[in-house]
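Okay, thanks for coming, everyone. Let me put the structure up, and then I'll walk you through a few spots in it.

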Amino acid sequence: MAVAEVSGLTFRYPGATSPALSDVSLRVEPGEVVAVLGPSGSGKSTLLRALAGLVPHFHGGRFEGSVVIAGKDTRRFRPADLAGDVATLFQDPEDQVVFGRVENEVAFGLENIGTPPGQIWPRTHAALAEAGAERLAERRTETLSAGELQRVCLAAVLALEPTLLLLDEPTSQLDPEGAEQILDLACELGAAVLVSEQRPALPLGRCDRVLFVTDGRIEIDATRDEALDRLPTEYLPRDAHRLPVDSASGEGDVLARLADVTFAYDSRTVLEGTSLTLRRGEVVALTGPNGVGKTTLAKIAAGLLEPKSGSVERRGRCCYLSQDPGRYLVKDRAEDEAALAVGGDKDRASRALAEVGLAGFEDRHPRDVSSGERERLALASVLVADPDVLILDEPTRGVDPPRKVELAAQLRRDANRRATLVVTHDLVFAGDVADRGIALKTKERAHA
């Protein structure tokens, strides 16, 4: 019996003018690994939500057709009824966390599905170990980096031992080594796996089958080898350009300089003797393992955190795009959101939206667009201010490959206007956009 069977699925979100999915049909067999690719807003996440029963029970809207999971029709069985069969890792792990302590977070799902008490803690700690998060077991979830939190949420999913595992951008905040480990682990579980990814090389190296979704329809449903001959060029795997990594930093004016900065969260030191120089005309990529202090360093450079020791100098206006910008959108219209930084100037806001590919989105509600489109809206909201120092923390999270190429070209085109720091785990994007790279390492001094 198929793990999942979708027949003639059409779904429209409440108030939407067009369906998110149109006449989608597919079968997923036991143990099958399926890569789900396609542009931002094409319906990939909606398809995964439908397979989890969240569409339509959680989101509402108009639902036609059928989705059957392990013999259970989702029109009659709610998500809670499917919990023993299907588990989902969402795009935003921050929205998935319930408890303040890591091991309690992982144990929570096991308790919900009625796992015998004697099995809960062994399975909890085994799942944390499998996800590379065993050392985090006693940490508070609010103290974790985004990548560490993503590992914890994955551990919570793995602990359930589902027959169908749905992964929506599971590596978006993981360093390259961690991303490969996580996908290898997921693919070795024996469960059927559907993984939606915007770093396509990762799932394409591991999957049996590819679904390519465009405008709510499955355009390609093929074996991996066949799909590689049919996918758009931007979705094909390619190697990253090698970036120069040294202390040289060009000839432009220094707009930000951090010298021997140290920072600690309570008793946990994350930066020690770290230095950074940013010059006008230069794009710098900041890379390194999860939890090494990249976001902390970026926030110090932006003036959002004060170091425990060391010195920080800045010249001109600095704008910072956070890792999860959707949390900081406050207006009901995209145009009003983009106009906040320029005193409500809607002409400038409209131009900024057009520059990031969101022309015509002026009246859209920021919560009614895809994750990748929210990322672009947040980018427009900082670019509109024309900053002297631009700091982008994981700007390609949820962004499709064609848009990554456009974003890299845009940042290169405007490089001479400012100093740009890009924090990223996407080494292909880093190679496309940056003049040089800085690789932070655990418990080592960094100078750049």
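One bit of bookkeeping before the sheet: two strands count as paired if DSSP finds at least two bridges between them. And please keep in mind that this is a predicted model.

With that, here's the sheet I'd like to start with. It's an open one, three strands in the order β12-β11-β14, and the pairing is antiparallel. Its edges are β12, covering 268-279, and β14, covering 309-314, each of which pairs on one side only. On average, neighbouring strands in this sheet are turned by 15 degrees against each other, if you ignore direction. Zooming in on one pairing, β11, residues 254-265, runs antiparallel to β12, and eight bridges join them. If you want a landmark there, A256 sits opposite L278 in β12.

How confident is the model? The average pLDDT for the protein chain is 91, and 98% of the residues score at least 70. The stretch to treat with care is 444-448, where pLDDT stays under 50. For those residues the model has 14 contacts beyond four places in sequence.

Now, salt bridges. How many does the structure hold? There are 30 of them, and I've picked out a few.

Start with R436 and E282, whose side chains meet at 2.7 Å, N to O. That pair links distant parts of the chain: R436 is in strand β18, residues 436-439, while E282 is in the loop between β12 and β13, and they're 154 residues apart. Both R436 and E282 are buried.

Next up, R418 and D386, a salt bridge at 2.9 Å, N to O. Why do I say this pair ties together separate parts of the chain? Because R418 is in the loop between α13 and β17, whereas D386 is in the loop between α12 and β16, so the parts being tied are 32 residues apart in sequence. The cut-off for buried is under 20% relative accessible area, so R418, at 3%, is buried, while D386, at 36%, counts as partly exposed.

Then there's a local one: E406 and R403, at 3.3 Å, N to O. Both lie in helix α13, three residues apart, about one turn of the helix. In general, an α-helix has 3.6 residues a turn, so residues three or four places apart point the same way. R403 is buried, with a relative accessible area of 5%, but E406 comes out as partly exposed at 45%.

Let me move on to a helix. α5 runs over residues 146-158, which is 13 residues, and at 1.5 Å a residue it should span 18 Å. The C-alpha atoms at its ends are 18 Å apart, so that agrees. Is α5 covered or open to the outside? It's mostly covered, with 13 of its 13 residues buried.

Last stop is S381, in helix α12. Buried or exposed? S381 has a relative accessible area of 14%, so it counts as buried. What does S381 touch, once you leave aside neighbours within four places in sequence? It's in contact with E337, A338 and A341. For A338, the C-alpha to C-alpha separation from S381 is 4.2 Å, though the two are 43 residues apart along the chain.

That's my tour, so over to you.

Definitions and conventions: Residues are numbered from 1 along each chain as its sequence is written. This is a predicted model: local features need pLDDT of at least 70, side-chain atom pairs count only at pLDDT 80 or more; totals for chains, interfaces and linings use all residues. Side-chain values use heavy atoms; hydrogens and water are left out. pLDDT is the predictor's confidence in each residue, from 0 to 100. Contact means heavy atoms within 4.5 Å. Helices (H or I, at least four residues) and strands (E, at least two) are DSSP runs, numbered from the N terminus. Axes are lines fitted to C-alpha atoms, for helices over the stretch in contact, and angles run from 0 to 180 degrees between N-to-C directions. A salt bridge is a side-chain nitrogen of Lys or Arg within 4 Å of a carboxyl oxygen of Asp or Glu. Buried means under 20% relative accessible area, exposed over 50%, partly exposed in between (1.4 Å probe, protein chains only). The expected span of a helix is 1.5 Å times one less than its number of residues.
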